[in-house]
Amino acid sequence: MGERETWTTGEFGSSHEGAVGVLLADGTVPASVFFDTGSGADGQSVSHWSVYDGQIAQGPRAAALRAVCSCGWNGPEHRLDWDMIGEQKLAEAAHGTADTCMEDWDTHTADVEQAAIPLPETVTVLLAQVQEEIEKLAKTSPLAAVRAARRLEVTAEQVGYWPAHDARQGTTAEQAAAALGLNEDAARKLMARFGGWSPYR
């Protein structure tokens, strides 16, 4: 088991990385649980929600699960009924609750998309058509589909160059991040990539 399962969208990436978060009975967020492999410092720290069952010596018992996002957003709390859970493994007993947390995060990313600068319908439709045509092409000629995807990359670099420069002059980093649905660091790097300048200057 890894540290914990996370979710991202293609457009927003790590700016809105979601996961199932844990709350204890006192409302605090627990530290990661350290699993000692018996070889000294080579243990593993795990913060996956399913390890907070109170049965492991190092780990406390979760009182609630909620969706969390790297942007700082937190979803509603979903309380765990330990009387009903009983002797079941938490991973099985609360699987549905974890799925609900993911649905909460999906709603959050939909809100982020809604808050981002809107695209004209013609552009949205054209992008969807291009994606559909390349997916069709991939079924008969995967290499042609790869070439088409590469052409899209080249086109994106070409059409994004001057808008990136213009946007850099006319907006603050905070405004650009909000419009793109990204955090400021990710927005700065995206603008730099399209504009061809160093993201560190």
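This is a predicted model: local features need pLDDT of at least 70, side-chain atom pairs count only at pLDDT 80 or more; totals for chains, interfaces and linings use all residues.

How much space lies in the second largest pocket? About 220 Å³ lies there, where a pocket is an open set of points on a 1 Å grid over the protein atoms alone, at which a 1.4 Å probe fits, with protein on both sides within 12 Å along at least five of seven lines, and a volume is the space filled by probe spheres set on points joined across faces, edges and corners.

Residues are numbered from 1 along each chain as its sequence is written, and side-chain values use heavy atoms, with hydrogens and water left out.

Staying with the second largest pocket, its lining (residues with an atom within 4 Å of a point) has 15 residues, and R168, A173, R188, M191 and W197 lie nearest the centre. The largest share, 6 residues, comes from α7, the helices being DSSP runs of H or I with at least four residues, numbered from the N terminus.

The largest pocket, in turn, has a volume of about 1600 Å³. Its lining counts 33 residues, with E11, L119, L127, L180 and F194 nearest the centre, and α5 gives the most to this lining, with 9 residues.

Terms used:
Helices (H or I, at least four residues) and strands (E, at least two) are DSSP runs, numbered from the N terminus.
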